[in-house]
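Here is a short briefing to read with the model open beside you.

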Amino acid sequence: DHMLNHIARHGLIDLDIKAVGDLHIDPHHTVEDVGICLGKALLESVGVPRGIRRYGHAVIPMDEALAEVAVDFSGRPFLVFNAELPKGSLGGFDVELAEEFMQALAVNARLTLHINLRYGKNTHHCIEGIFKALAQALRRALEIDTRNSDAIPSTKGMLET
């Protein structure tokens, strides 16, 4: 919830997510399913990507951690997750699920997503920085480009959907 709140707050994205899963077993499927649903919702909300900026990038400091995220609403799903996070759990959240969530999001929103954790020691700060950077990058990519508000942001005049 904490990380999803960052997407909503810092991305200026209205989110109302209710997820029921097999958390008594482990959170893997629930986290992945939320990424799938959020990705599909983003794709649906963008529709024909007319007028959006398409690209977004953010570098976010979170105390001692520095996270960088770049997105491209290209219709070509791809994830680069360059973040060395220690294995383990953070408040009941398996740290490795951050990458699983991002993979599900990228594939289902049909976006190219590059994540680089430049450095950081505190696992919470590292993951929080990544989610805040994701939110800011999404916000920038989805903003309407007032100088190009009627155009598809592509030299080909179309984006894969």
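A residue counts as buried when its relative accessible area is under 20%. By that rule, E128 and K132 are both buried. Please keep in mind that this is a predicted model.

**Salt bridges**
- E128 and K132 form a salt bridge, with their closest N and O atoms 3.1 Å apart.
- These two residues sit 4 residues apart in helix α4, so about one helical turn separates E128 from K132.
- E143 pairs with R53 through their side chains at 3.3 Å, N to O.
- E143 is partly exposed at 31% relative accessibility, and R53 is partly exposed at 38%.
- The side chains of E68 and R118 also meet in a salt bridge, at 3.1 Å from N to O.
- That pair links strand β2, which holds E68, to strand β6, which holds R118, across 50 residues.
- E68 is buried at 17% relative accessibility, whereas R118 is partly exposed at 44%.

**The second largest pocket**
- Its volume is about 250 Å³.
- Of its 19 lining residues, I17, D33, V34, C37 and L38 are the closest to the centre.
- The lining has 10 nonpolar, 4 polar and 5 charged residues.

**L97**
- L97 belongs to helix α3, which covers residues 97–109.
- Its relative accessible area is 1%, so L97 is buried.
- L97 and H29 are 68 residues apart in sequence, and their C-alpha atoms are 9.4 Å apart in space.

Note on methods
Residues are numbered from 1 along each chain as its sequence is written. This is a predicted model: local features need pLDDT of at least 70, side-chain atom pairs count only at pLDDT 80 or more; totals for chains, interfaces and linings use all residues. Side-chain values use heavy atoms; hydrogens and water are left out. Buried means under 20% relative accessible area, exposed over 50%, partly exposed in between (1.4 Å probe, protein chains only). On a 1 Å grid over the protein atoms alone, a cavity is a set of points where a 1.4 Å probe fits but cannot get out, and a pocket is an open set with protein on both sides within 12 Å along at least five of seven lines; lining residues have an atom within 4 Å of a point. Grid points are joined across faces, edges and corners, and a volume is the space filled by probe spheres set on the points. Ala, Val, Leu, Ile, Met, Phe, Trp, Tyr, Cys and Pro count as nonpolar, Asp, Glu, Lys and Arg as charged, and the others, Gly among them, as polar. A salt bridge is a side-chain nitrogen of Lys or Arg within 4 Å of a carboxyl oxygen of Asp or Glu.
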